[in-house]
There are 2 protein chains.
Amino acid sequence: MSGPRTPELALGGQGASSTGSQDEDTADGIQSSHRMLSFSDALLSIIATVMILPVTHTEISPEQEFDKSVQKLLATRIAVYLMTFLIVTVAWAAHTRLFQVVGKIDDTLALLNLACMMSITFLPFTFSLMVAFPEVPLGILLFCVCVMAVGAMQALIVVYAFHRPHLLSPQIERSAHRALYRQHILGIVLRGPALCLAAAGFSLFFYPVSYLLMATVIFLPYVSKVAGWCRARLVGPREPPAHSLEIFTFDLHEPLSKERVEAFSDGVYAIVATLLILDIWNLRTSEARPFSEDNVPDSEDVKAKFHGSLVAALGASGPHFLAYFGSFATVGLLWFAHHSLFLHIRKATQPMGLLNTLSLAFVGGLPLAYQQTSAFARRPHDELESVRVSCAIIFFASIFQFAIWTTALLQEGETLQPSVRFGGQEHAFMFAKLTLYPGASLLAFACTCVLSSFSTAIFHAMQIAVPFTFLLLRLLVRLALAGLRGLRGLRGPARPTHTRPVPGATDDAQSPLLPAPC
Amino acid sequence: MSGPRTPELALGGQGASSTGSQDEDTADGIQSSHRMLSFSDALLSIIATVMILPVTHTEISPEQEFDKSVQKLLATRIAVYLMTFLIVTVAWAAHTRLFQVVGKIDDTLALLNLACMMSITFLPFTFSLMVAFPEVPLGILLFCVCVMAVGAMQALIVVYAFHRPHLLSPQIERSAHRALYRQHILGIVLRGPALCLAAAGFSLFFYPVSYLLMATVIFLPYVSKVAGWCRARLVGPREPPAHSLEIFTFDLHEPLSKERVEAFSDGVYAIVATLLILDIWNLRTSEARPFSEDNVPDSEDVKAKFHGSLVAALGASGPHFLAYFGSFATVGLLWFAHHSLFLHIRKATQPMGLLNTLSLAFVGGLPLAYQQTSAFARRPHDELESVRVSCAIIFFASIFQFAIWTTALLQEGETLQPSVRFGGQEHAFMFAKLTLYPGASLLAFACTCVLSSFSTAIFHAMQIAVPFTFLLLRLLVRLALAGLRGLRGLRGPARPTHTRPVPGATDDAQSPLLPAPC
C-alpha cells in the first residue's frame, strides 16, 4: 500500500536523494522529516482554528436583542480570531520555508522543533491579552517575547543544520555559496523577531509605534506576496537573476510544498468538523442547554420536565442534531471540493497559498455558523441574522476556493494537470463542484432577503439539497453539457473555440458555461 | 497471482490502465486514496480523544474532599472515555482494513467515506447515553443504529468498489476469486452490525443480552488478536493455508499499514497537546478560574483584586502556565519517543498495533494529568493523589511504548531496521529513549510514597529534568556504554556475545544494559 506513495512523498518533500540509503541514514541518527512536518502541520492547524471558540461561546441571553453591544463584542472576538489565524499561518509559512532548506532532521532538530511549536502555541494567548488590554504594555511585551522565542528557535535550527551540512536539502548542501545562504536565511528568520524587539522597546514609552511594527511583522509577507504578484501581472516577470541567486530563488521564493499545504488544510478541516462535535458534547455554555455537564440529558431533568421519557428529552434537542448534521455535511463537502481541487493542482503558487489561507480562515468560522443555526430553537427572533451570517461564512469559504482555481487557471500550464485545464475533460465538472457552494449560499442569502419569514427553512433546504447535488453532480454536468451542445447545434455548426492540445478531450463545449453563474 | 487481466467493460474504454499514468486516472475521476485516508485518520483520532474532556471537567468544589462519590463519578467517566477510545479504534482498524482492499477512490467513494465518518462521530454520544441511562433501551438502540449505519456505509463502499474493479487493490483486482473476496469482506464488515441488530432486538425485552452482544462487537477483534498471537507463540505458526487463502491472508490479516498507524498516532498526540491549550483558553469550567470567558483576565477583576496590575493577575495563574509547559513537554517528548520508535520499525504487527492503541489511550488521558497538576494551587490537600494519578498515566503511556519495542524485538528480523536490532548500533540509545519516561515516572511515584509532603516539587522536578535528559541522552548513553565497557575490561576480556551481521556495528556492549532498569 505504502509502496507507490513513497516516491511521491519524496518528490513533494525533500528531493530525490532522501530515500536513497535510508538504513545508513537512520543508523546515523538522521531521519526523513516527513512525519515531524505532518505533526507540526496538525498542531499549527489546530492552534490556528481554536480561537474561534471564544467567538462561538459569546453568551447571549434569550431576552437580549442582537444589538449593538453584542455586535461589538462579536466583532472584537472575530477580529482576534482572524488575526490569530493570520499570525499562526505566517508562522506556519516560515516553518515550511525553513524545512524546505533543512531537508533532514536528527534528534536535536526534532527537539528544537518541539520547543518552537510550544512557543507558537502561546501566540494566541498573548494576542488576546493585547486586545483585552490595549493600553497595557505587558500584552505587547509578551507577544514580542513569544515571537522572539520562535525566532530564536528557528535561528538555532538554521545554525545547527548549517553546522551539519548533510541535514540540508541537497541543492544547498552541494552549493558553493553555503555561507551566503546561511546569512540570507538567518536574515529572513530573524527579521520578524528584530522588529518585535524594537516593538517591545517602544511599548514601554509609546505603544502605538509597537502596534505599527507588529502589524508589519504580520502583514509583510502577505503584502509583499500580493505586491509581487501584481507587479508580475502588470510589468511582466522580472529579468532572470544571476546564477547563484537563481538557485536560491528556487529554495525560498518557490511555491510552498503542495503536500504541506494539503496537510495544513486537512488539519483545519478535521478540527473544525470536530469542534462541532465538541459543541454538542460539553462546550455549550449557554444557559438554555438541555444537557448536563455529562453531555447527556440529566436524569433529574428527564424525570421532572419530560415525565421520565428519554425520547422526549432527546427530541427537545433535536434541532441541535439536525444542525450538527448539516454543518458536518458542509465542512465535509468543502473538504471534498478542496481535495478534488488539489488533486488537479500540480503546484501551489504564492497567491494560491494566500487564497487558501483566506478560505481556511472562513472554514474555521463554520462552528460559528453551526452555533448560530443551532440557536434558532431558542432565539427565533434573530433567525434572519443567523441565517445570513451562516450563508456569508459559507459563501466566503467557498468563493476563495473558487478563486484558487481561477488563479491556477491564469497559469494553467504550470499549475494544473492537463485534464482540468481550460477545455480539458474534467474542466466543467471541476467548475460545477467549485461553484456549487458559492451559488447555493448566495441563492439562500438572496432568498432570505425576499422571503425573510422562511429563512430557517431556506437554510435547511440548502443544507439538505447540496449534498445530494454533489452525489448527482457528474450526471447533472453531463446533462447540462448535452443540453448546451444541443442548443448550440440548433443555433449553428459547432465552433471549436478554445481547443487545446489535450489528448482525449471529448467535451470541449464548456466554454459557454463559464460566464453564466458568476 | 497472474490471473487474466479483467476486461474493462463499460468504462468508456479509458480505465484500462488503472496503475498506469496518473493523468489518465485523474481524468477518469479515479484518485489515490492517500489524502482521504489522512483526513479520516485525523478525524478519527480527534473523536477518540475528545471524550477525555468530560473527565477533566468533572467539577470538584474546593470544600469537597476527593471522596468516594467523586471517585465513583471520575471512574465512570474514565470508563466511558476508555470504551469510546476502544470503539473508535475498532472502527479505525476496520476502516484501515477496508482501504487496504480498496486501493483507489473516486468521488462517490469519497462521499460515502464522509458519510461513514459522520456516523462514527456519533458513537461517543450514544455510548455516554448508554452509561447514563443503563436501563433505558433507547441508548442501546441508538448505539446499535449507529453501528449499523457505519456497517451499511462500509458495505456500500465494498459493493461499489467491487462493482468497479479498477478501484480495488491490484492483488484483488487481478485475482480470479474476486467474488469470494467480496463475500468474505462483506462478512467481516457486516459481522458487527448483524450482532448489533440482534442486540437492538434484545434491548426491547431483555437488555443484559444486548450488553453481552455489544461487548462482543467491541472486544472480538482484540480478543481474537491476542488469542491468535498467544496460540502462535505457544503452538507455533499454523500450517500454510491453501493458495487462494494465502493471497487473501496477505490482504486482511497482515500488519496494519504503518503509515496509517503513524497518522492516527500523530492525530492523537496533536489533539492532546492542543486540548491542554484549550484548557488554558476557555474550557476551564471550574469555579476558581481567574480568567473570564474571554480567556484573558477580566478587566473588572484586575482592577478589583489586583489593584489594576495585569502582571499580578497573570502571576496568580502562574501555576497554570507552568503546568502547561510541563504537560506540553511530556506530550511532545512522548511523541518524540514514538516517532523515534516507528522510524526504526519496518512494519507494525497486530500485537504492536494493540499495544500502540493502549499507549495512545493513556496519552489521551494526559490532559487529566495536566488538569490535576494545575489544580494543585486551589486544592493543596489533594496534591498527593493528583501527583500519583499523573505519574500513573505517564507511566502507562510510556510503558506501552516500551512494550511495542519489546514485542518488535521478539520478531526483530521482520519488524525492525538492522541498526536497532539486539546488538545493533542504535539499540542502547533507543532503549534509553524508551525507558526514560517509565523510569522517571516510576521513580517520582516511589518518591511520593516516601516523601509525601514534597510530592508537587518531585513531580515538577521530574517534568523539568526529563526534557534536559532527552537533549543530553546521546551523550549520557555514550558515557554509560564507555563506563560499562571499562568495567567489563577490568573484570576480564570482552566477550562478543550477540553479535549479528550488522555492518558498521561499533557498540556491541549494550547487552549488560538490558536487564538493569526493568
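## Exercises on a predicted two-chain model

Thr274(B) counts as buried because its relative accessibility is 0%, where buried means under 20% relative accessible area, exposed over 50% and partly exposed in between (1.4 Å probe, protein chains only). This is a predicted model, in which local features need pLDDT of at least 70, side-chain atom pairs count only at pLDDT 80 or more, and totals for chains, interfaces and linings use all residues. Residues are numbered from 1 along each chain as its sequence is written, chains are lettered from A and ligands numbered from 1 in the order in which they are written, and side-chain values use heavy atoms, with hydrogens and water left out.

**Exercise 1.** Find the helix that holds Thr274(B) and list its contacts beyond four places in sequence.

Solution. Step one: Thr274(B) sits in helix α12 of chain B, residues 258–281; helices (H or I, at least four residues) and strands (E, at least two) are DSSP runs, numbered from the N terminus. Step two: with neighbours within four places set aside, Thr274(B) is in contact with Leu43(A), Ile46(A), Ile47(A) and Val50(A), contact meaning heavy atoms within 4.5 Å.

**Exercise 2.** Is Glu262(B) buried or exposed, and which residues does Glu262(B) touch?

Solution. Step one: Glu262(B) also belongs to helix α12 of chain B. Step two: its relative accessible area is 14%, so Glu262(B) is buried. Step three: not counting residues up to four places away in sequence, Glu262(B) touches Arg35(A) and Phe342(B).

**Exercise 3.** Locate the nonpolar patch on the surface that includes Leu476(A).

Solution. Step one: the patch consists of Ile464(A), Phe468(A), Leu471(A), Leu472(A), Leu475(A), Leu476(A) and Leu479(A), with about 720 Å² of accessible area together. Accessible areas come from the Shrake-Rupley method with a 1.4 Å probe; for residues, only the protein chains shown count as cover. Step two: α22 (455–471) and α23 (473–491) of chain A each supply at least two of the patch residues. Step three: Leu476(A) lies in helix α23 and counts as partly exposed because its relative accessibility is 39%.

**Exercise 4.** State how far chain A can be read in detail.

Solution. Step one: chain A has a mean pLDDT of 74, and 74% of its residues reach 70 or more; pLDDT is the predictor's confidence in each residue, from 0 to 100. Step two: pLDDT stays under 50 over residues 282–294 and over residues 494–518 of chain A. Step three: where pLDDT is low, the predicted coordinates should not be read in detail.

Technical notes. Patches are made of residues with over 30% relative accessible area and no salt bridge: like charges are joined within 9 Å, nonpolar side chains (Val, Leu, Ile, Met, Phe, Trp, Tyr) within 5 Å. A salt bridge is a side-chain nitrogen of Lys or Arg within 4 Å of a carboxyl oxygen of Asp or Glu.
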